[in-house]
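Please read the following explanation alongside the sequence and the structure shown here.

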Amino acid sequence: MRFGIVVFPGSNCDMDCYHVIDQVLGHPVSYIWHQEKDLTGFDCIILPGGFSYGDYLRSGAIARFSPVMEAVAEFAAKGGLVLGICNGFQILLEAGLLPGAMMRNNCLQFRCQDVYLKVETNETPFTNIYRAGEVIRMPIAHGEGNYYAAPEALAELEENGQVVFRYCTPGGEVTTEANPNGSCNNIAGICNKERNVLGLMPHPERCAEEILGNTDGKKLFLSILSWWEGQRCEEVLGCG
Amino acid sequence: MFQARIFVTLKDGVLDPQGAAVKTALTSLGYERVADVRVGKYIVLSLGHSNREEAEKEVREMCERLLANPVIENYFFELQEVSS
(Lines give C-alpha, C1' and ligand atoms only; values in the text may rest on other atoms or scores of the structure.)
Protein backbone atom coordinates (compact mmCIF):
# COMPACT_ATOMS: atom_id res chain seq x y z
CA MET A 1 0.00 0.00 0.00
CA ARG A 2 1.49 3.32 -1.08
CA PHE A 3 1.11 6.39 1.14
CA GLY A 4 1.65 10.02 0.17
CA ILE A 5 2.18 12.80 2.69
CA VAL A 6 1.42 16.30 1.46
CA VAL A 7 3.91 18.93 2.56
CA PHE A 8 2.67 22.52 2.73
CA PRO A 9 4.87 25.46 3.73
CA GLY A 10 4.47 25.27 7.51
CA SER A 11 3.61 21.57 7.86
CA ASN A 12 5.50 20.19 10.85
CA CYS A 13 4.13 16.68 11.46
CA ASP A 14 4.98 15.41 7.97
CA MET A 15 8.18 13.69 9.13
CA ASP A 16 6.43 12.01 12.07
CA CYS A 17 3.82 10.56 9.71
CA TYR A 18 6.53 9.46 7.30
CA HIS A 19 8.38 7.75 10.13
CA VAL A 20 5.29 5.81 11.23
CA ILE A 21 4.44 4.60 7.71
CA ASP A 22 8.03 3.77 6.83
CA GLN A 23 9.49 2.45 10.10
CA VAL A 24 6.48 1.21 12.07
CA LEU A 25 4.23 -0.09 9.28
CA GLY A 26 7.01 -0.83 6.79
CA HIS A 27 5.08 0.45 3.80
CA PRO A 28 6.22 2.64 0.90
CA VAL A 29 5.68 6.36 1.47
CA SER A 30 6.67 9.59 -0.24
CA TYR A 31 6.36 13.29 0.42
CA ILE A 32 4.20 15.25 -2.00
CA TRP A 33 5.05 18.95 -2.35
CA HIS A 34 1.91 21.09 -2.31
CA GLN A 35 2.59 22.34 -5.86
CA GLU A 36 2.20 18.87 -7.35
CA LYS A 37 -0.94 17.96 -9.22
CA ASP A 38 -0.60 14.24 -9.86
CA LEU A 39 -1.47 11.63 -7.24
CA THR A 40 -1.26 8.61 -9.52
CA GLY A 41 -0.02 5.49 -7.76
CA PHE A 42 -1.04 6.48 -4.23
CA ASP A 43 -3.57 4.52 -2.15
CA CYS A 44 -3.78 6.86 0.83
CA ILE A 45 -3.04 10.58 1.14
CA ILE A 46 -2.20 12.12 4.49
CA LEU A 47 -2.55 15.85 5.19
CA PRO A 48 -0.29 16.25 8.22
CA GLY A 49 -0.44 18.62 11.16
CA GLY A 50 1.37 21.93 11.37
CA PHE A 51 0.70 25.56 10.59
CA SER A 52 0.35 25.72 6.83
CA TYR A 53 0.88 29.30 5.66
CA GLY A 54 1.25 30.36 9.28
CA ASP A 55 -2.47 29.83 9.88
CA TYR A 56 -2.94 33.25 8.21
CA LEU A 57 -6.53 34.37 7.66
CA ARG A 58 -7.95 31.10 9.07
CA SER A 59 -6.25 27.74 9.70
CA GLY A 60 -6.13 25.85 6.41
CA ALA A 61 -7.77 28.68 4.43
CA ILE A 62 -4.80 29.31 2.15
CA ALA A 63 -3.44 25.75 1.94
CA ARG A 64 -6.83 24.70 0.63
CA PHE A 65 -6.04 26.54 -2.63
CA SER A 66 -2.65 24.84 -3.14
CA PRO A 67 -2.51 23.06 -6.51
CA VAL A 68 -2.33 19.65 -4.82
CA MET A 69 -5.74 20.12 -3.16
CA GLU A 70 -7.58 19.89 -6.45
CA ALA A 71 -5.91 16.53 -7.01
CA VAL A 72 -6.77 15.48 -3.44
CA ALA A 73 -10.44 16.30 -4.07
CA GLU A 74 -10.41 14.21 -7.26
CA PHE A 75 -8.61 11.39 -5.48
CA ALA A 76 -11.25 11.44 -2.71
CA ALA A 77 -14.11 11.57 -5.21
CA LYS A 78 -12.75 8.36 -6.75
CA GLY A 79 -12.80 6.68 -3.36
CA GLY A 80 -9.14 7.12 -2.38
CA LEU A 81 -8.39 7.30 1.33
CA VAL A 82 -7.64 10.77 2.70
CA LEU A 83 -6.56 11.29 6.30
CA GLY A 84 -6.30 14.82 7.70
CA ILE A 85 -4.61 15.22 11.07
CA CYS A 86 -4.93 18.47 13.06
CA ASN A 87 -4.05 21.19 10.50
CA GLY A 88 -4.86 18.55 7.87
CA PHE A 89 -8.37 18.33 9.33
CA GLN A 90 -8.68 22.12 9.21
CA ILE A 91 -7.63 22.08 5.53
CA LEU A 92 -10.22 19.38 4.72
CA LEU A 93 -12.92 21.56 6.33
CA GLU A 94 -11.84 24.68 4.45
CA ALA A 95 -11.74 22.66 1.22
CA GLY A 96 -15.28 21.45 1.82
CA LEU A 97 -14.22 17.79 1.75
CA LEU A 98 -15.67 17.54 5.25
CA PRO A 99 -18.53 19.66 6.63
CA GLY A 100 -18.18 22.35 9.31
CA ALA A 101 -15.48 24.78 10.41
CA MET A 102 -12.87 25.22 13.13
CA MET A 103 -12.98 28.01 15.67
CA ARG A 104 -10.52 29.21 18.32
CA ASN A 105 -10.53 26.89 21.38
CA ASN A 106 -13.18 28.16 23.79
CA CYS A 107 -10.55 28.36 26.56
CA LEU A 108 -8.49 30.63 24.25
CA GLN A 109 -5.40 28.57 25.14
CA PHE A 110 -3.27 26.43 22.91
CA ARG A 111 -3.96 22.95 24.30
CA CYS A 112 -1.05 20.49 24.30
CA GLN A 113 -2.04 17.45 26.34
CA ASP A 114 -3.28 13.87 26.19
CA VAL A 115 -7.03 13.39 25.76
CA TYR A 116 -9.31 10.40 25.94
CA LEU A 117 -11.38 9.58 22.90
CA LYS A 118 -14.35 7.37 22.36
CA VAL A 119 -14.27 5.49 19.06
CA GLU A 120 -17.87 6.07 18.02
CA THR A 121 -17.79 3.84 14.99
CA ASN A 122 -15.47 1.16 13.68
CA GLU A 123 -17.26 1.07 10.37
CA THR A 124 -14.67 3.17 8.57
CA PRO A 125 -11.44 2.29 6.76
CA PHE A 126 -9.61 4.16 9.52
CA THR A 127 -11.08 2.53 12.62
CA ASN A 128 -12.07 -1.01 11.65
CA ILE A 129 -9.76 -2.74 14.13
CA TYR A 130 -10.84 -0.64 17.11
CA ARG A 131 -13.87 -1.81 19.04
CA ALA A 132 -16.94 0.42 18.68
CA GLY A 133 -17.13 2.38 21.93
CA GLU A 134 -13.48 1.71 22.78
CA VAL A 135 -11.80 4.45 24.84
CA ILE A 136 -8.33 5.40 23.63
CA ARG A 137 -5.76 8.04 24.55
CA MET A 138 -4.10 10.40 22.07
CA PRO A 139 -2.20 13.68 22.28
CA ILE A 140 -3.65 16.95 20.99
CA ALA A 141 -1.74 20.15 20.22
CA HIS A 142 -3.87 22.94 18.79
CA GLY A 143 -5.24 26.40 19.36
CA GLU A 144 -8.10 26.12 16.89
CA GLY A 145 -9.80 22.79 17.32
CA ASN A 146 -13.22 23.99 18.39
CA TYR A 147 -15.34 22.15 15.84
CA TYR A 148 -18.46 23.95 14.71
CA ALA A 149 -21.25 22.96 12.37
CA ALA A 150 -24.70 24.52 12.03
CA PRO A 151 -27.41 22.56 13.91
CA GLU A 152 -28.80 20.93 10.74
CA ALA A 153 -25.33 19.87 9.56
CA LEU A 154 -24.54 18.53 13.01
CA ALA A 155 -27.75 16.51 13.11
CA GLU A 156 -26.91 15.05 9.72
CA LEU A 157 -23.43 14.03 10.88
CA GLU A 158 -24.89 12.28 13.91
CA GLU A 159 -27.63 10.61 11.92
CA ASN A 160 -25.21 9.22 9.32
CA GLY A 161 -22.76 7.96 11.93
CA GLN A 162 -20.07 10.31 10.62
CA VAL A 163 -18.80 11.26 14.08
CA VAL A 164 -15.81 8.93 14.45
CA PHE A 165 -14.07 10.22 17.60
CA ARG A 166 -15.44 12.12 20.58
CA TYR A 167 -13.59 13.63 23.56
CA CYS A 168 -14.51 11.72 26.71
CA THR A 169 -13.41 10.93 30.27
CA PRO A 170 -11.08 7.97 30.92
CA GLY A 171 -14.24 6.02 31.70
CA GLY A 172 -15.76 6.87 28.34
CA GLU A 173 -18.29 9.47 29.44
CA VAL A 174 -18.81 12.30 26.99
CA THR A 175 -18.85 15.35 29.27
CA THR A 176 -18.21 19.09 28.98
CA GLU A 177 -15.21 18.72 31.33
CA ALA A 178 -13.63 16.17 28.97
CA ASN A 179 -13.95 18.57 26.03
CA PRO A 180 -10.60 20.41 25.66
CA ASN A 181 -11.69 23.03 23.14
CA GLY A 182 -15.46 23.53 23.15
CA SER A 183 -16.20 21.41 20.07
CA CYS A 184 -19.88 20.86 19.26
CA ASN A 185 -21.00 17.48 20.62
CA ASN A 186 -17.41 16.82 21.86
CA ILE A 187 -16.40 16.06 18.27
CA ALA A 188 -12.72 15.19 17.80
CA GLY A 189 -12.95 13.52 14.39
CA ILE A 190 -15.46 13.05 11.57
CA CYS A 191 -15.62 11.29 8.23
CA ASN A 192 -17.50 12.10 5.03
CA LYS A 193 -20.68 10.26 4.03
CA GLU A 194 -18.71 7.89 1.80
CA ARG A 195 -16.39 7.21 4.78
CA ASN A 196 -13.14 7.48 2.80
CA VAL A 197 -12.13 10.90 4.15
CA LEU A 198 -11.32 11.26 7.85
CA GLY A 199 -10.31 14.39 9.74
CA LEU A 200 -9.27 14.41 13.39
CA MET A 201 -7.62 16.92 15.71
CA PRO A 202 -5.65 14.40 17.88
CA HIS A 203 -2.34 13.04 16.60
CA PRO A 204 -2.32 9.26 16.02
CA GLU A 205 1.22 9.48 14.60
CA ARG A 206 2.48 10.68 18.00
CA CYS A 207 1.27 7.55 19.78
CA ALA A 208 2.07 4.67 17.46
CA GLU A 209 5.16 3.17 19.12
CA GLU A 210 6.04 1.53 22.43
CA ILE A 211 8.95 3.91 22.92
CA LEU A 212 6.50 6.81 23.07
CA GLY A 213 4.58 5.10 25.86
CA ASN A 214 1.33 4.80 23.93
CA THR A 215 0.35 2.79 20.86
CA ASP A 216 -3.34 3.68 20.67
CA GLY A 217 -2.77 5.60 17.44
CA LYS A 218 -1.09 2.66 15.70
CA LYS A 219 -4.44 0.92 15.33
CA LEU A 220 -5.65 3.75 13.13
CA PHE A 221 -2.83 3.09 10.67
CA LEU A 222 -3.26 -0.69 10.98
CA SER A 223 -6.98 -0.23 10.25
CA ILE A 224 -6.06 1.48 6.97
CA LEU A 225 -3.82 -1.45 6.01
CA SER A 226 -6.43 -3.99 7.01
CA TRP A 227 -9.12 -2.18 4.97
CA TRP A 228 -6.83 -2.00 1.97
CA GLU A 229 -5.97 -5.68 2.16
CA GLY A 230 -9.69 -6.47 2.32
CA GLN A 231 -10.26 -4.34 -0.79
CA ARG A 232 -7.47 -6.11 -2.65
CA CYS A 233 -8.84 -9.47 -1.67
CA GLU A 234 -12.20 -8.45 -3.14
CA GLU A 235 -10.57 -7.19 -6.32
CA VAL A 236 -8.27 -10.14 -6.89
CA LEU A 237 -10.32 -13.06 -5.68
CA GLY A 238 -13.81 -11.66 -5.78
CA CYS A 239 -14.21 -12.59 -2.12
CA GLY A 240 -15.79 -10.25 0.34
CA MET B 1 -8.63 52.59 -8.88
CA PHE B 2 -10.71 51.46 -5.98
CA GLN B 3 -10.16 50.58 -2.39
CA ALA B 4 -12.28 47.86 -0.80
CA ARG B 5 -12.67 47.83 2.96
CA ILE B 6 -13.94 44.42 4.00
CA PHE B 7 -15.35 43.51 7.40
CA VAL B 8 -15.58 39.83 8.34
CA THR B 9 -17.67 38.98 11.39
CA LEU B 10 -18.82 35.79 13.05
CA LYS B 11 -22.41 34.89 12.32
CA ASP B 12 -25.01 35.47 15.00
CA GLY B 13 -25.40 32.33 17.04
CA VAL B 14 -21.77 31.28 16.56
CA LEU B 15 -20.02 31.54 19.92
CA ASP B 16 -17.07 33.94 19.90
CA PRO B 17 -14.61 32.87 22.63
CA GLN B 18 -12.33 35.80 21.79
CA GLY B 19 -15.17 38.30 22.10
CA ALA B 20 -16.21 36.74 25.41
CA ALA B 21 -12.67 37.11 26.79
CA VAL B 22 -12.49 40.75 25.68
CA LYS B 23 -15.85 41.42 27.30
CA THR B 24 -14.62 39.92 30.59
CA ALA B 25 -11.54 42.16 30.40
CA LEU B 26 -13.64 45.25 29.71
CA THR B 27 -15.96 44.39 32.60
CA SER B 28 -12.98 44.02 34.91
CA LEU B 29 -11.80 47.49 33.80
CA GLY B 30 -15.12 48.78 35.05
CA TYR B 31 -17.02 49.03 31.76
CA GLU B 32 -19.99 47.15 33.11
CA ARG B 33 -22.51 48.37 30.58
CA VAL B 34 -20.81 46.45 27.73
CA ALA B 35 -23.45 43.85 26.95
CA ASP B 36 -21.64 41.92 24.23
CA VAL B 37 -18.36 41.87 22.28
CA ARG B 38 -17.77 40.27 18.91
CA VAL B 39 -14.28 40.25 17.40
CA GLY B 40 -13.93 40.26 13.61
CA LYS B 41 -11.43 41.01 10.86
CA TYR B 42 -10.83 44.11 8.78
CA ILE B 43 -9.22 43.64 5.37
CA VAL B 44 -8.23 46.41 2.94
CA LEU B 45 -7.74 45.69 -0.76
CA SER B 46 -6.24 48.15 -3.24
CA LEU B 47 -7.72 47.34 -6.60
CA GLY B 48 -6.58 48.22 -10.09
CA HIS B 49 -10.14 48.08 -11.46
CA SER B 50 -11.51 51.03 -13.38
CA ASN B 51 -15.11 49.84 -13.34
CA ARG B 52 -17.08 49.91 -10.07
CA GLU B 53 -19.47 47.06 -10.90
CA GLU B 54 -16.64 44.80 -11.94
CA ALA B 55 -14.73 45.59 -8.77
CA GLU B 56 -17.79 44.93 -6.65
CA LYS B 57 -18.46 41.61 -8.32
CA GLU B 58 -14.89 40.45 -7.85
CA VAL B 59 -14.63 41.56 -4.23
CA ARG B 60 -17.82 39.64 -3.46
CA GLU B 61 -16.34 36.58 -5.17
CA MET B 62 -13.06 36.92 -3.20
CA CYS B 63 -15.01 37.14 0.05
CA GLU B 64 -17.02 34.04 -0.68
CA ARG B 65 -14.10 31.96 -1.93
CA LEU B 66 -11.36 32.92 0.50
CA LEU B 67 -11.65 35.95 2.74
CA ALA B 68 -14.67 34.74 4.74
CA ASN B 69 -15.74 31.21 5.63
CA PRO B 70 -19.48 31.08 4.92
CA VAL B 71 -19.95 28.30 7.50
CA ILE B 72 -19.18 30.62 10.41
CA GLU B 73 -18.71 34.12 9.04
CA ASN B 74 -20.58 36.99 7.42
CA TYR B 75 -18.95 39.82 5.51
CA PHE B 76 -19.73 43.24 4.15
CA PHE B 77 -17.60 45.75 2.33
CA GLU B 78 -17.32 49.36 1.25
CA LEU B 79 -15.90 50.30 -2.11
CA GLN B 80 -14.30 53.69 -2.50
CA GLU B 81 -12.80 55.28 -5.59
CA VAL B 82 -9.26 56.48 -4.97
CA SER B 83 -6.79 58.36 -7.14
CA SER B 84 -3.89 56.24 -8.37
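Arg5(B) has a relative accessible area of 26% and is therefore partly exposed; buried stands for values under 20%, exposed for values over 50%, and partly exposed for those in between (1.4 Å probe, protein chains only). Arg5(B) and Glu78(B) form a salt bridge in which the closest N and O atoms are 3.7 Å apart, a salt bridge being a side-chain nitrogen of Lys or Arg within 4 Å of a carboxyl oxygen of Asp or Glu. This pair links distant parts of the chain, 73 residues apart: Arg5(B) belongs to strand S1 (residues 2-10) of chain B and Glu78(B) to strand S3 of chain B. Helices (H or I, at least four residues) and strands (E, at least two) are DSSP runs, numbered from the N terminus.

The model described here is predicted; local features need pLDDT of at least 70, side-chain atom pairs count only at pLDDT 80 or more, and totals for chains, interfaces and linings use all residues. Residues are numbered from 1 along each chain as its sequence is written, chains are lettered from A and ligands numbered from 1 in the order in which they are written, and side-chain values use heavy atoms, with hydrogens and water left out.

Side chains of opposite charge can pair when their charged atoms come close. How many salt bridges does the count come to over all chains? The count comes to nine. One of them joins two chains, because Glu73(B) lies in strand S3 (residues 73-81) of chain B and Arg58(A) in the loop between S3 and H2 of chain A. The N to O distance in this pair is 3.6 Å. Glu73(B) is buried, with a relative accessible area of 9%, and Arg58(A) likewise counts as buried at 9% relative accessibility. Through shared partners, salt bridges join Arg58(A), Glu94(A), Lys41(B) and Glu73(B) into one network.

A further salt bridge lies within chain A, where Asp114(A) and Arg137(A) have their closest N and O atoms 2.5 Å apart. Distant parts of the chain are again linked: Asp114(A) is in strand S6 (residues 111-119) of chain A and Arg137(A) in strand S7 (residues 135-142) of chain A, 23 residues apart. Asp114(A) counts as partly exposed at 40% relative accessibility, as does Arg137(A) at 27%.

The next topic is the interface. In all, 16 residues of chain B are in contact with 16 residues of chain A, where contact means heavy atoms within 4.5 Å. The size of an interface is often given as the accessible area lost when the parts come together. Here the buried area is about 1300 Å², with carbon and sulfur atoms giving 69% of that area; the term denotes the accessible area (1.4 Å probe) that two parts lose on being put together, summed over both. Between chain B and chain A the count is one salt bridge. Helix H1 (17-28), strand S2 (41-47) and helix H2 (52-67) of chain B are the elements that give two or more residues to the side of chain B that touches chain A.

What of chain A as a whole? Its secondary structure comes to five helices and 11 strands. The radius of gyration of chain A is 16 Å, close to the 18 Å that the globule rule gives for 240 residues, so chain A is as compact as a globular protein of that length. This radius is taken over C-alpha atoms, and the globule rule is 2.2 Å times the number of residues to the power 0.38. Taken along the principal axes, the C-alpha atoms of chain A fill a box of roughly 45 × 40 × 40 Å. Buried residues make up 55% of the 240 residues in chain A.

Where in chain A is Cys86(A) placed? Cys86(A) occupies the loop between strand S4 (81-85) and helix H3 (87-94) of chain A, and at 5% relative accessibility this residue counts as buried. Leaving aside residues up to four places away in sequence, Cys86(A) touches Gly49(A), Ala141(A), His142(A), Leu200(A), Met201(A) and His203(A). Most residues other than glycine have a negative phi. Cys86(A), although not a glycine, has a positive phi of about 55 degrees.
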